[in-house]
Each structure stands twice: as structure tokens, then as C-alpha cells.
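The sequence and structure come first.

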Amino acid sequence: MNRRTERTTCLIAGGGPAGMFLGFLLARAGVSVTVIEKHADFLRDFRGDTIHPSTMQNLHELGLLDECLPLMDFRANKLKVNINGQTFDGPDFSDFDTKCPFMGFVPQWDLLNFMAEKAAQYPGFDLRMSTKAVDVIRDGGRVRGLRCESDEETYDIHADLVVACDGRGSTIRQCTDHAVDEVGIPIDALWFQLARPEGDRGHTLGWLKNGNMLITIPRHDHYQIAMVIRKGGFDSIRAMGLEAFRSTVASV
Ligand SMILES: Cc1cc2nc3c(=O)[nH]c(=O)nc-3n(C[C@H](O)[C@H](O)[C@H](O)COP(=O)(O)OP(=O)(O)OC[C@H]3O[C@@H](n4cnc5c(N)ncnc54)[C@H](O)[C@@H]3O)c2cc1C
């Protein structure tokens with residue numbers, strides 16, 4: 001079958017933080033780069049929000065920090081933890097020898113939209129949303145490109161270099177037979193939201209009580225909350241019902 005074929009210098013599968021930052025760096029260095037992202041936008045609630053001092057240092061070195069800081073609606077130089085009803089100072093960033101000695105909170109989609117806007121200022125940057133890598137194209141044993149699927153068509157992009165930034169369930173990794181090294185994490189995080197009262201500036205991030213643990217990430221008008229649970233423990237929480245779950249959350 002004759003498919004339409006395009007060419008670029010570097011082809012990146014996946015517009016998460018890895019793909020978008022790499023795309024930005026290459027375009028800034030004058031390299032033609034195409035990033036393909038299977039979703040139509042960056043809006044996915046399951047991703048975390050903390051931007052660490054070292055990341056802000058990177059943003060500073062890239063000349064992006066001043067424009068990025070206003071995206072952070074919450075900053076904390078100390079993270080408070082509440083254990084059995086008593087609040088303690090947790091990690092303290094204030095003495096870090098870095099441009100921003102604090103942790104910032106930005107929904108990941110805001111950061112990715114920001115990076116997309118910045119990368120688009122370079123003529124060699126091409127971001128294709130709603131475009132999924134479905135297979136690798138090989139030539140003489142080397143990966144030479146990707147077969148791409150958009151809403152309209154399936155086509156090929158050939159490139160000098162193909163980079164797999166397509167996350168945990170990487171299609172490219174499967175197509176290239178790379179094995180996953182499972183390290184066995186003993187916990188899951190159960191995510192939900194609660195309304196955030198106005199004026200909550202002295203926020204406490206971690207809450208521990210009776211073997212339960214909550215992480216409360218502040219956003220404009222709500223908390224994004226993770227309950228840390230035993231790996232695979234969600235079914236038994238569901239079996240106990242919503243009222244029991246609510247009462248555990250309230251008590252912690
Ligand atoms: C619940 C949760 C909370 C987290 N909290 C934090 C936090 O607070 N702070 C922090 O720094 N990190 C946090 N992380 C980790 C952080 O989200 C990841 O480290 C980061 O997203 C990894 O970036 P990535 O670009 O490698 O992959 P991903 O973010 O997974 O991006 C991969 C991208 O590739 C796209 N894609 C997948 N398959 C294809 C395909 N076939 N073709 C085209 N596109 C494809 C996906 O749609 C996605 O956009 C959290 C992660 C989770 C799951």
C-alpha cells in the first residue's frame with residue numbers, strides 16, 4: 001500500500017514532559033523536530049503537579065522561569081505534615097542554593113501548554129496533536145521512522161533519529177522488543193478532589209493517621225488528593241462503600 005511519507009530530522013513520540021522539553025531543546029538548537037501526541041490536548045487529571053527546585057533551576061537556565069512562575073498558584077518552601085492530629089514541619093527547601101528554594105504546584109497540562117507555546121516560537125518545531133505512533137519503520141535493522149495515525153489518515157514519518165517519549169505503556173518500546181524492568185511498587189494512589197477553603201496559604205501537604213495517608217495538593221478552588229493504599233487494595237475499599245471511605249478521609 002502506498003502511504004504518504006514525510007521527513008524530519010528528529011521524531012519524538014509522546015508529548016509529555018520528556019517529549020515536550022526535548023522538542024523545545026532541539027528546536028532551540030536549530031534542529032527540525034516533530035513531536036506527535038496521541039491526545040487532542042494535554043488535559044489529563046492523573047498527573048502530578050509538583051515542580052521541584054531543580055526543575056525550576058533548569059527553567060531558569062533555559063530563560064523560561066520568569067514566564068513560568070505566574071503559572072504556579074501555590075508555592076511552599078516548607079512542607080507541613082500532620083501525624084495523628086499534630087502538625088510538624090516536613091521537608092524544608094529554604095536553604096537550597098538554587099534560584100527558587102521552594103516547591104511550586106502547577107497542573108501538568110499548564111506546564112505542557114506553556115512548553116508547546118515556547119517551542120512553537122522556533123521554526124523547526126512541529127507539534128501534532130491527535131497523532132498516534134502505531135508502529136516503527138525499519139530499514140536495514142535500524143528504526144528509521146514511525147507509522148502515524150491521525151483522525152484523518154495513516155501516514156509515515158521518516159527521521160534521522162526517533163525518540164520514544166511515549167510513557168509507561170510505550171508503544172515504541174513494545175515494537176522494539178525492549179523489556180520492562182519491574183521493580184514492584186507496594187502502593188497505589190487513589191485520587192479524588194475536595195473543595196479548598198479560600199485563604200488556605202499555610203497548607204499541610206501530608207496527613208497520616210491510623211495507618212492511613214493522604215497527600216493534599218492545593219489547586220485554585222480544590223484539593224487534588226491522593227490516598228496512599230496497599231497495592232491492589234482498591235477493590236476492598238470499594239466493597240466497603242462510599243460512606244466508609246468518606247469517614248476514613250474525614251478522620252485523617
Ligand atoms: C498519579 C501521578 C502523580 C504524579 N505526580 C508527580 C508530581 O507531583 N511531580 C512530578 O514531578 N512528577 C509526578 N509524576 C510523575 C510524572 O507525571 C512523570 O514522571 C512524567 O509525566 C513522565 O513524563 P514522560 O514525558 O516520560 O511520560 P508521560 O507523561 O507519560 O507522557 C507520555 C506521553 O506520550 C503520549 N503517548 C503515549 N503513547 C503514544 C503513542 N503511541 N503515540 C503518541 N503519543 C503517545 C501520552 O499521551 C503522553 O502524553 C506523577 C505521576 C503520576 C502517574
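## Basis of the model

The model is predicted, with local features requiring pLDDT of at least 70 and side-chain atom pairs counted only at pLDDT 80 or more, while totals for chains, interfaces and linings use all residues. Residues are numbered from 1 along each chain as its sequence is written, and side-chain values use heavy atoms, without hydrogens and water.

## Cysteines

The structure contains 0 disulfides (pairs of cysteine sulfur atoms within 2.5 Å). For Cys-148, the nearest cysteine sulfur belongs to Cys-175, 12 Å away. Cys-148 is buried at 0% relative accessibility (buried means under 20% relative accessible area, exposed over 50% and partly exposed in between, with a 1.4 Å probe and protein chains only).

Cys-165 is likewise in no disulfide, and the nearest cysteine sulfur, that of Cys-10, lies 8.4 Å away. Cys-165 is buried, with a relative accessible area of 17%.

## Largest pocket

Cys-165 is also one of the residues nearest the centre of the largest pocket, together with Lys-38, Arg-47, Asp-166 and Gly-167; 23 residues line this pocket in total. Lining residues have an atom within 4 Å of a point on a 1 Å grid, where a pocket is an open set of points with protein on both sides within 12 Å along at least five of seven lines.

Two elements, α1 (17-28) and β9 (132-139), each give two or more residues to the lining. The largest share, 3 residues, comes from α1.

## Strand β12

Ile-187 is found in strand β12 (residues 187-195), strands being DSSP runs of E with at least two residues and helices runs of H or I with at least four. Ile-187 is partly exposed, with a relative accessible area of 43%.

Terms used. 1 Å grid on protein atoms, 1.4 Å probe; cavity = no way out; pocket = protein on both sides within 12 Å on 5 of 7 lines; lining within 4 Å.
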